[in-house]
Amino acid sequence: MPVRVTLIAAARGSSLLAERFDDDRPLDQAGWGEVQRAAHALVPLAVAELRYCSPTPRSRATGDGLGLTPLAQPALRDCDMGRWRGLTLGEAMAREPEAVDAWLADPYSTAHGGESLVEFVQRVGGWLDTRPADDGVRIVAVAEPAVVRAALVHALRAHPSTYWNLDVRPLSTATLIGHAGRWNLRFDSHHERV
């Protein structure tokens, strides 16, 4: 039986338009409300033998709010955005439009002085591929939506530009079943969450 990794996107810490690169703000009021509304459907994931989260305050709070008591994993941190850390995409575009265009067009670009998209996907994928290989192990990880997107690109062996086509909403889940180098994406119905 393969390893089963369920990824949960952290609840939001701000409105979508106010999202900042490498945002380490805690959950806002709307985020806490989202966690409370989703808890009944996601609580069954707490049976997982291993429970992790990104080292961000909102990922930790989301995991704790769902009763997971997750262990922070540095490899699940958001993409290192270099000098754009703390800026919105609009603010970065206003300051460095050519650099933002290069970063969006080229997955190897480090125009911001941080991590390229390819490096980010490889880091998150490395974490995924080194999960315990004991048959039947269930793992749950709460992470920033960007981290969930990176994990899916890696697991599906998709081109890095696919990252931009994945829409990961707060508190959405994705389950990967398999082992290093061979992952399958599984969609669960609402009544079957474990």
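I began with contacts, meaning heavy atoms within 4.5 Å. In the protein chain, 68% of the contacts with a separation of 6 or more join residues 24 or more positions apart.

I noted the ground rules next. This is a predicted model, where local features need pLDDT of at least 70, side-chain atom pairs count only at pLDDT 80 or more, and totals for chains, interfaces and linings use all residues. Residues are numbered from 1 along each chain as its sequence is written, and side-chain values use heavy atoms, with hydrogens and water left out.

**Overall form**

I looked up the secondary structure. The protein chain has 6 helices and 6 strands. These are DSSP runs numbered from the N terminus: helices are H or I with at least four residues, strands E with at least two. Along the sequence I read β-α-β-α-β-α-α-α-β-α-β-β.

I checked the radius of gyration, taken over C-alpha atoms. The protein chain has 16 Å, which agrees with the value near 16 Å for a compact globule of 194 residues. That rule is 2.2 Å times the number of residues to the power 0.38. The C-alpha trace spans about 45 × 40 × 25 Å along its principal axes.

**Cores**

I looked up burial. Of the 194 residues, 48% are buried. Buried means under 20% relative accessible area, exposed over 50%, partly exposed in between (1.4 Å probe, protein chains only).

Which residues have the most contacts inside the largest nonpolar core? I found Trp84 and Phe120, in a core of 39 residues. Strand 1 (3-9), helix 4 (97-105), helix 5 (117-129), strand 4 (138-143), helix 6 (145-155) and strand 5 (173-179) each supply at least two residues of this core. Helix 6 gives the most, with 8 residues. A nonpolar core is a set of buried Ala, Val, Leu, Ile, Met, Phe, Trp, Tyr and Cys residues joined through side-chain atoms within 4.5 Å.

I then followed Trp84. Leaving out residues up to four places away in sequence, Trp84 touches Phe21, Ala92, Glu96, Ala99, Val100, Trp103 and His112.

**Helix 6**

How many residues of helix 6 are buried? I counted 10 of its 11, so helix 6 is mostly covered. Among them are Pro145, Val148, Arg149 and Leu152. The buried residues pack against strand 1, helix 2 (57-65), helix 5, strand 4, strand 5 and strand 6 (182-186). Arg157 follows helix 6 and has a positive phi, near 55°.
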